[in-house]
Amino acid sequence: MLGVIMVEVPTRLDPAFDPRRSENLSRMVVQWGMVPLAYLAKFSGDKYVYGYIGSEDFTMYPLLPPGTFLQVDENRNKVEAGMWRSEYERPIYFVETRDGYTCSWCDLKGDQIILQPHPLSPVAARMLRHPQEAEVIGRVVGIALKLGDWLPVAPLPDSKPESKEHAALN
């Protein structure tokens, strides 16, 4: 018989948690509890913090759609400069701004940080003072998302109404 592994996971979130906004879940947890989740045992410990991409955050869409859960390594909070062969190699960072949290590619130019969205995203790049207006929490090292079920609550900015053919595909 296999033994059950118990891991500590969030069992209650702060009532202020708004699923439309990206959040640092580590700050939103009100209560932790032991739950038998053998698969998640490797995620326990304090090496990582966990984030969530809100339903209205399209910064890294379609690579990281709204509703994606993030595993963030706080020890890797320095923006790396370099050339990457693909979007999958380029480091993605979890960033805290005065407006909240977001996930993006980042570049540093002097005391400015450029929050670079995915090229297919409707979100514009932002340049903020670093670290006064934007602080890199860490590098995204893992994600969890549900495939195929995500639909926007409201139409994407600058999107056309859904065609009958597109509706039939869903």
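F69 is partly exposed, with a relative accessible area of 41%. Here buried means under 20% relative accessible area, exposed over 50%, and partly exposed in between (1.4 Å probe, protein chains only). The model is predicted: local features need pLDDT of at least 70, side-chain atom pairs count only at pLDDT 80 or more, and totals for chains, interfaces and linings use all residues. Residues are numbered from 1 along each chain as its sequence is written, and side-chain values use heavy atoms, with hydrogens and water left out.

Start with the rings. The structure holds three aromatic pairs. Y52 and F69 form one of them, a tilted pair with 5.2 Å centre to centre and 50 degrees between the planes. Its members come from distant parts of the chain, 17 residues apart: Y52 sits in strand 4 (residues 48–52) and F69 in strand 5 (residues 69–73). Y52 counts as buried at 10% relative accessibility. F58 and Y61 are edge-to-face, because their ring centres are 5.8 Å apart and their planes stand at 80 degrees. F58 is buried at 9%, whereas Y61 is partly exposed at 21%. For such pairs, rings of Phe, Tyr and Trp (its six-membered ring) must have centres within 6.5 Å; planes under 30 degrees apart count as stacked, over 60 as edge-to-face and the rest as tilted.

Now the strands around Y52. Strands (E, at least two residues) and helices (H or I, at least four) are DSSP runs, numbered from the N terminus. Two strands pair if DSSP finds at least two bridges between them. Strand 4 and strand 5 pair in the antiparallel sense over five bridges. Within that pairing, V49 has V72 of strand 5 as its bridge partner. Strand 4 also runs antiparallel to strand 2 (residues 23–24), joined by two bridges. There, N24 stands opposite G51.

Move on to strand 7 (residues 100–109). Seven of its ten residues are buried, so strand 7 is largely enclosed by the rest of the structure. Strand 6 (residues 93–97) runs antiparallel to strand 7, with five bridges between them. V95 stands opposite T102. A hairpin through two residues joins strand 6 to strand 7. Strand 7 then pairs with strand 8 (residues 112–116), antiparallel and over five bridges. K109 faces Q112 in strand 8. This hairpin has two residues between its strands, and G110 in the turn has a positive phi of about 65 degrees.

The structure holds six. D107 and R90 meet in one of them at 3.1 Å, N to O. D107 counts as partly exposed at 27%, but R90 counts as buried at 18%. R85 and E89 form another, at 2.7 Å. R85 is exposed at 75%; E89 is partly exposed at 31%. R20 and D18 meet at 2.8 Å. R20 is partly exposed at 44%, while D18 is buried at 16%.

Finish at the surface. I143, L145 and L147 form a nonpolar patch with about 290 Å² of accessible area together. Patch residues have over 30% relative accessible area and no salt bridge; like charges are joined within 9 Å, nonpolar side chains (Val, Leu, Ile, Met, Phe, Trp, Tyr) within 5 Å. Accessible areas come from the Shrake-Rupley method with a 1.4 Å probe; for residues, only the protein chains shown count as cover. L147 lies in the loop between strand 10 (134–144) and helix 2 (164–169). L147 is exposed, at 70%.

How values were computed
A salt bridge is a side-chain nitrogen of Lys or Arg within 4 Å of a carboxyl oxygen of Asp or Glu.
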